[in-house]
Amino acid sequence: MTGETDLSPARLRRARIAIAAVFCTHGAVTGSFATRIPWIQEHAQLSAGTLGLALAFPALGAAVAMPLAGRINHRFGARAALRGLLSLWTLSLILPSLAPNLAVLCFVLFVYGATAGMSDVAMNALGVETENRIGRSIMSSLHGMWSVGALLGSAAGTVAAHSGGDARLHHLLAALALTAAGLVAVRGVLDLHSAAEAQAPPHFALPPKSALLIGAMGFCAVFAEGASLDWSAVYLRDVLDTDAGLAAASTTAFALTMAVARLAGDRVVDRFGAVRTVRAGGVLATAGGLTVVAVHQPAAAMAGFGLIGLGIAVVVPLAFAAAARSGPAPAQAIAGVATITYTSGLIAPSAIGAVADATSLVMSFGLVTLLAFALVAGAAVLRQKPVTAGSARADRDEPADVRP
């Protein structure tokens, strides 16, 4: 991509802060929505089963719409595309709490997921382009800022829920505030455009072959993440017979471990390279899974879940970065990897439940352990190839000396 000629260290620092703020804003929408799901369920008069059906629609919407992001990026440029798509995402937060029944909720969650997926592709594509120009890893910390935003949105939503606030008012105010924050943040990102001779990507396309193996690594990581987030508390309660407070704490601890590891992950990646970092992470996650499965003690299980979070934290950011450098159409490759990872997040909770029903929850986390080990075996596909002309790094598996 071409665009700004001012790539001074000061400008690149501002661009990095701006794209980090974009990731934080994106995550805050998710956190704000998640905390009010019980209110939405009650308002729409849904059973647990019908709520589960409705909650599949965001992933479906994202999977359908994400390929469009590359076309929008190509036509309008990275900054303008991100401005529009992020605003659509933040404003879509208003919709779910307005749904009076299952049918309407499924439709608005499809729209909600579509805007989430397109803005996700746009911000990750621009994040990789910013990383290229800075010359060192920033993708892990950007995803860490997404986790920080999700925690902040969850905290605000928890306060609103405990105060008995109407989710419609809460989400309206949150959407307006986050839209304003997003517009301010986008002003500072790099203003990049596709080269004049570049061919426009198709409106819809299957993930390119170059993205499939990379996406498989993201699939394993997101499956382990979704399983741990959704089932760790249930595991401690049902398998280890802990109280509800300690069980809930395991989920919070896992989320915090993921956020901290992502914020610190860039230094590790710059020091050891993507492949060695993911292999080491896969070893940690595998050890964590084995601990959960084999050592039936609450403290050991919480430590095991923490190791899983620590081990998988940087895989998805590195998968997006590797996808962007895997071919001539970065946004299309990122959309392909994102589609695969979103699919993993969609099926993980139900797959864990199905295995648990057929065998046991312990066996379910045996499956998670196998997928964690797959990160060790497949880490080489995340070896980042030489970047295109104009980028600051030639081989992202070697430590960089460039510092803005």
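**A guided conversation**

Mentor: Leu-105 is found in helix 6. Helices here are DSSP runs of H or I with at least four residues, numbered from the N terminus. This is a predicted model, in which local features need pLDDT of at least 70 and side-chain atom pairs count only at pLDDT 80 or more, while totals for chains, interfaces and linings use all residues. Residues are numbered from 1 along each chain as its sequence is written, and side-chain values use heavy atoms, with hydrogens and water left out.

Trainee: Does Leu-105 count as buried or exposed?

Mentor: Leu-105 counts as buried because its relative accessibility is 1%. Buried means under 20% relative accessible area, exposed means over 50%, and partly exposed lies in between, with a 1.4 Å probe and protein chains only.

Trainee: Where is Thr-339, then?

Mentor: Thr-339 is placed in helix 14, residues 330-358. Its relative accessibility is 17%, so Thr-339 counts as buried.

Trainee: Back to helix 6. How do helix 4 and helix 6 cross?

Mentor: Helix 4 (residues 57-76) and helix 6 (residues 102-134) have axes that come within 6 Å and cross at roughly 40°. Helix 4 is therefore oblique to helix 6. Axes are lines fitted to C-alpha atoms, for helices over the stretch in contact, and angles run from 0 to 180 degrees between N-to-C directions. Angles under 35 degrees count as roughly parallel, over 145 as roughly antiparallel, 65 to 115 as roughly perpendicular, and the rest as oblique.

Trainee: And is that crossing left-handed or right-handed?

Mentor: The crossing of helix 4 and helix 6 is right-handed. A crossing is right-handed if the near helix is turned clockwise from the far one by less than a right angle, and left-handed if anticlockwise.

Trainee: What about helix 1 and helix 7?

Mentor: Helix 1 (residues 9-34) packs against helix 7 (residues 139-162) at an angle of about 40°, and their axes are 6 Å apart. That makes helix 1 oblique to helix 7. Helix 1 passes helix 7 in a right-handed crossing.

Trainee: New topic: how many salt bridges does the structure hold?

Mentor: The structure holds four salt bridges. A salt bridge is a side-chain nitrogen of Lys or Arg within 4 Å of a carboxyl oxygen of Asp or Glu. One of them joins Arg-133 and Glu-129, whose closest N and O atoms are 2.7 Å apart.

Trainee: Where do those two lie?

Mentor: Arg-133 and Glu-129 both lie in helix 6, four residues apart, which is about one turn of the helix. Both Arg-133 and Glu-129 are buried.

Trainee: Which other pairs could I look at?

Mentor: Asp-166 and Arg-168 meet through their side chains in a salt bridge of 2.8 Å, N to O. Asp-166 counts as partly exposed because its relative accessibility is 31%, and Arg-168 counts as partly exposed at 36%. Arg-237 also forms a salt bridge with Asp-238, with the closest N and O atoms 2.7 Å apart. Arg-237 has a relative accessible area of 44%, so it is partly exposed.

Trainee: Now the surface. Which residues make the nonpolar patch?

Mentor: Leu-91, Leu-169, Leu-172, Leu-173 and Leu-176 make a nonpolar surface patch of about 440 Å². Patches are made of residues with over 30% relative accessible area and no salt bridge; like charges are joined within 9 Å, and nonpolar side chains (Val, Leu, Ile, Met, Phe, Trp, Tyr) within 5 Å. Accessible areas come from the Shrake-Rupley method with a 1.4 Å probe, and for residues only the protein chains shown count as cover.

Trainee: Which helix gives the most to the patch?

Mentor: Helix 8 (residues 167-186) gives the most, with four residues. Leu-173 lies in helix 8, and Leu-173 counts as exposed because its relative accessibility is 51%.

Trainee: Last one: what is phi of Gln-45?

Mentor: Phi of Gln-45 is near 55°, a positive value in a residue other than glycine. Most residues other than glycine have a negative phi. Gln-45 is found in the loop between helix 2 (37-44) and helix 3 (48-54).
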